[in-house]
Amino acid sequence: NNFENCESSTILLASLKAAGLGINLRSADYVFLMDPWWNPDVEMQAIQRAHRIGTTHEVKAVRFITSDTIEDRMNDLQKVKMKVFEGAIDSSAAALSTLSAEDIRFLFR
């Protein structure tokens, strides 16, 4: 409530899971993702909390990922999962055709 209604409240820190459930942040200008999650939908849910009905301005989402770390590998896994999702749920043959044999093996390691 303070973040939404008080001009002196300029920063709200929340874990990815907490920010993705039950709060709307229509006055947020930026969403910084510091802790990637295995499931890309969890991150999207947290980002969407700032993109709610009543938002009248652009909201920027920024992910911080350090190369050659577990975060980098998680990001790669998310990309593969999104391709599978687009192909399976959205029936996008184009998305599935971009998966390589290595992408499929990556999912089952």
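These legends walk through a few close-up views of one predicted model.

Local features are taken where pLDDT is at least 70, side-chain atom pairs count only at pLDDT 80 or more, and totals for chains, interfaces and linings use all residues. Residues are numbered from 1 along each chain as its sequence is written, and side-chain values use heavy atoms, with hydrogens and water left out.

View 1. Starting at the N terminus, the elements go α-α-β-α-β-α-α-α. Helices (H or I, at least four residues) and strands (E, at least two) are DSSP runs, numbered from the N terminus. The chain has 109 residues, and 25% of them are buried. Here buried means under 20% relative accessible area, exposed means over 50%, and partly exposed is in between (1.4 Å probe, protein chains only). Take the contacts (heavy atoms within 4.5 Å) with a separation of 6 or more: 57% of them join residues 24 or more positions apart.

**View 2. Arg-63 and Glu-43 paired in a salt bridge.** Side chains of opposite charge can pair when their charged atoms come close. A salt bridge is a side-chain nitrogen of Lys or Arg within 4 Å of a carboxyl oxygen of Asp or Glu, and in this pair the N to O distance is 2.7 Å. Arg-63 sits in strand β2 (residues 60–63) and Glu-43 in helix α3 (residues 40–48), so the pair ties together parts that are 20 residues apart in sequence. Glu-43 is buried, at 1% relative accessibility, while Arg-63 is partly exposed, at 38%.

**View 3. Gln-78 reaching Glu-43.** Gln-78 belongs to helix α4 and is buried, with a relative accessible area of 6%. Its side chain makes a polar contact with the side chain of Glu-43 at 3.1 Å. A polar contact is a pair of N or O atoms within 3.5 Å; within protein, one must be able to donate a hydrogen and the other to accept it, and residues adjacent in sequence count only if both atoms are side-chain atoms. Leaving aside residues up to four places away in sequence, Gln-78 touches Trp-37, Trp-38, Asn-39, Pro-40 and Glu-43.

**View 4. Lys-60 and Glu-58 in a salt bridge.** The search of the whole structure turns up two salt bridges, and in this one the N to O distance is 3.8 Å. Lys-60 is partly exposed at 39%, and Glu-58 is exposed at 59%.

**View 5. A nonpolar surface patch made by Tyr-30, Phe-32, Met-34 and Phe-64.** The patch covers about 450 Å². Patches are made of residues with over 30% relative accessible area and no salt bridge; like charges are joined within 9 Å, nonpolar side chains (Val, Leu, Ile, Met, Phe, Trp, Tyr) within 5 Å. Phe-32 lies in strand β1 (residues 30–33) and is partly exposed at 47%. Met-34 is in the loop between β1 and α3 and is exposed at 53%. Not counting residues up to four places away in sequence, Met-34 touches Phe-64 and Glu-71.

Conventions:
Areas by Shrake-Rupley, 256 points an atom, 1.4 Å probe, with all protein chains shown as cover.
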